[in-house]
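Welcome! Please take a look at the sequence and the structure shown here, and then walk through the briefing below.

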Amino acid sequence: MTVVLNQSFTGISIGAVLLLIALGLTLTFGQMGVINMAHGEFIMAGAYTTYVLQKSISSAGLSLLVALPLAFLVAGAMGALLEWLLIRRLYTRPLDTLLVTWGVSLMLQQLARDVFGAPNVQTAAPDLLTGNISAGGVTFANNRLFILGLALLCVLGLTLVLRFTPLGRRIRAVVQNRDLAEVSGIATGRVDRVTFFIGSGLAGVAGVALTLVGPIGPTMGTNYIVDAFLVVVVGGIGQLRGAVITAFALGVLQSVLEYSTTVSVAKVGVLVAIVAFLQWRPQGLYTLRTRSLA
Amino acid sequence: MLELTDLRAGYDRTPVLHGVTVSVPKDGVATVLGHNGAGKSTLLRTAMGLIRPKGGTILLDGEDITRLAPHQRVARGMAYVPQGQQSFPHLTTAENLQLVADGRADGKEATAEALDLFPVLRELSGRRAGLLSGGQRQQLAIARALVTRPRLLLLDEPTEGIQPSVVAEIEETVLELARRGGLSVLLVEQHVGFAMRAADRYYVLEAGRVTSSGEGGTGSEQTVRAALSV
């Protein structure tokens with residue numbers, strides 16, 4: 001029993017990381033339909049923001065707390081800039097968008113190498129997050145609990161923004177009928193940029209979280225970007241709740257398979273499961289046609 | 001109020017309008033009549049800025065707005081009710097209106113006024129727009145346009161494809177709005193009777209050209225019917 005519980009918690013914490021890295025993509029890819037290959041580099045930007053902050057703020061706890069909003073702003077600003085410079089000119093050309101943002105992704109990786117060096121770096125976790133909590137024979141790693149809480153907080157925040165704020169109404173309106181939004185007086189270009197800012201900013205927050213469980217390096221974004229796209233596609237394009245369910249389902253599946261086999265085999269198993277699922281439901285778990293986001 | 005001069009526009013390489021000149025009088029109603037495919041909707045879409053004209057000018061109260069984005073035209077007092085009872089299907093009725101009222105100082109009052117014109121929308125405020133009937137959605141679309149307190153309203157076949165019981169109600173509302181003062185209307189309409197009752201000026205559009213125009217009113221109805229039957 002404790003084995004099952006322990007594995008479930010591992011799965012949920014993998015799911016939390018998946019959710020956090022995919023959350024920004026539910027906006028930029030899911031809602032706006034932009035395939036942004038540089039999304040992973042915004043994750044990296046968030047992670048390096050944490051690293052730089054820790055050099056000036058020695059308290060690991062404080063620097064982590066400051067890093068969360070700062071990484072959101074840094075990655076968000078990068079995203080908004082990318083949207084303004086390139087992506088807005090390519091909205092009708094998805095293939096070109098993919099190629100261009102892939103190029104941007106490579107440039108950002110090289111920039112990171114030039115600034116921070118090629119080897120991976122590490123940040124110190126605050127003492128509070130290095131220990132474990134045991135309850136009923138199940139061990140909860142504090143850093144994993146923190147990431148889980150952060151992921152749920154971000155989902156809650158995004159849901160509230162989309163559902164109850166003027167900005168959220170505008171974002172949903174632009175997605176549902178762009179021309180009608182424009183002739184209703186909404187500056188759709190600005191809404192696009194703000195949406196991109198939030199989506200990219202969430203990638204930055206994910207980057208901060210990832211510093212707690214792994215090294216920081218120029219290519220760290222590429223390791224996660226495929227998983228993030230998979231979560232969004234399986235969840236159903238533009239579907240927040242689909243992404244939440246999918247992230248945790250894939251996380252648990254991964255950890256169960258890992259327990260009975262090896263990490264690589266588990267990875268293959270998860271991919272096979274996804275391919276099979278998409279054969280059965282190509283539109284993903286939820287679709288905008290029947291249900292709306294948030 | 002609105003001067004469309006020698007407008008040329010179309011989609012990609014298919015020209016639809018071949019030099020159309022239409023003028024909407026201040027506080028008056030101009031109607032555009034014509035068969036399917038004559039370019040009526042294209043004319044409104046171009047006037048609103050959804051289509052960039054290849055030639056010609058658009059003046060709003062003397063200001064050249066030919067190159068402005070649609071939302072900038074809304075900010076200058078234009079509103080547009082497109083064809084086909086369009087709405088934001090996954091937003092509720094109330095959110096559809098709130099969306100437009102957001103950020104407007106007079107948003108609350110304007111919404112209340114619009115709802116007074118279409119009281120049925122009050123009862124449907126929590127329902128998603130996609131679940132409304134065609135007539136209800138058209139009422140919502142007109143209400144949404146009115147929340148911006150426009151000086152100029154562009155209506156594209158407001159009664160097309162709507163159950164007959166609601167058609168009369170919508171026609172009455174349009175006529176009442178036009179009579180109220182402070183609002184000019186550019187109306188695209190296939191029903192000659194209603195169009196001419198509403199019109200101060202009429203234009204008959206054929207294959208992207210104005211083939212006949214004149215004073216509105218029921219007196220010109222026979223002339224227009226004759227022009228349309230050719």
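In chain B, strand β3 (residues 29-34) and β9(B) run parallel and are joined by 5 bridges; strands count as paired if DSSP finds at least two bridges between them. Helices (H or I, at least four residues) and strands (E, at least two) are DSSP runs, numbered from the N terminus. This is a predicted model, in which local features need pLDDT of at least 70, side-chain atom pairs count only at pLDDT 80 or more, and totals for chains, interfaces and linings use all residues. Residues are numbered from 1 along each chain as its sequence is written, while chains are lettered from A and ligands numbered from 1 in the order in which they are written.

- β9(B) and β10(B) form a hairpin with 2 residues between them, and B:A207 in the turn has a positive phi of about 45 degrees.
- Is β9(B) mostly covered or mostly open? It is mostly covered, with 5 of its 6 residues buried. A residue is buried if 20 or more other C-beta atoms lie within 10 Å of its own, exposed if 12 or fewer, and partly exposed in between, with C-beta atoms placed from the backbone.

- An open sheet of 6 strands in chain B has the order β6-β7-β8-β3-β9-β10, and its pairing is mixed.
- At its edges are β6 (78-81) and β10 (209-215) of chain B, each of which pairs on one side only.
- On average, neighbouring strands of this sheet are turned by 15 degrees against each other, direction ignored.
- Helix α6 (residues 134-146) of chain B packs on the sheet and touches β6 and β7 (152-156) of chain B. The direction of this helix makes about 170 degrees with that of β6(B). Axes are lines fitted to C-alpha atoms, for helices over the stretch in contact, and angles run from 0 to 180 degrees between N-to-C directions.

**A helix in chain A**

- Helix α5 (residues 142-164) of chain A has 23 residues and reaches 32 Å from its first C-alpha to its last, close to the 33 Å expected. The expected span is 1.5 Å times one less than the number of residues.
- Its buried residues include A:F146, A:L150 and A:L158.
- The buried residues of α5(A) pack against α1 (2-31), β2 (138-141), α6, α8 (188-210) and α10 (240-260) of chain A.

**Where the chains meet**

- How many residues of chain A are in contact with chain B? There are 16, and they contact 21 residues of chain B; contact means that C-beta atoms, placed from the backbone, lie within 7 Å.
- The largest share of the side of chain A that touches chain B, 6 residues, comes from α6(A).

**A loop residue in chain B**

- B:D61 is found in the loop between β4 (55-60) and β5 (63-64) of chain B.
- B:D61 counts as partly exposed because it has 14 C-beta neighbours inside 10 Å.
- B:D61 and B:E3 are 58 residues apart along the chain, and their C-alpha atoms are separated by 8.1 Å.

Key:
Two residues are in contact if their C-beta atoms, placed from the backbone, lie within 7 Å.
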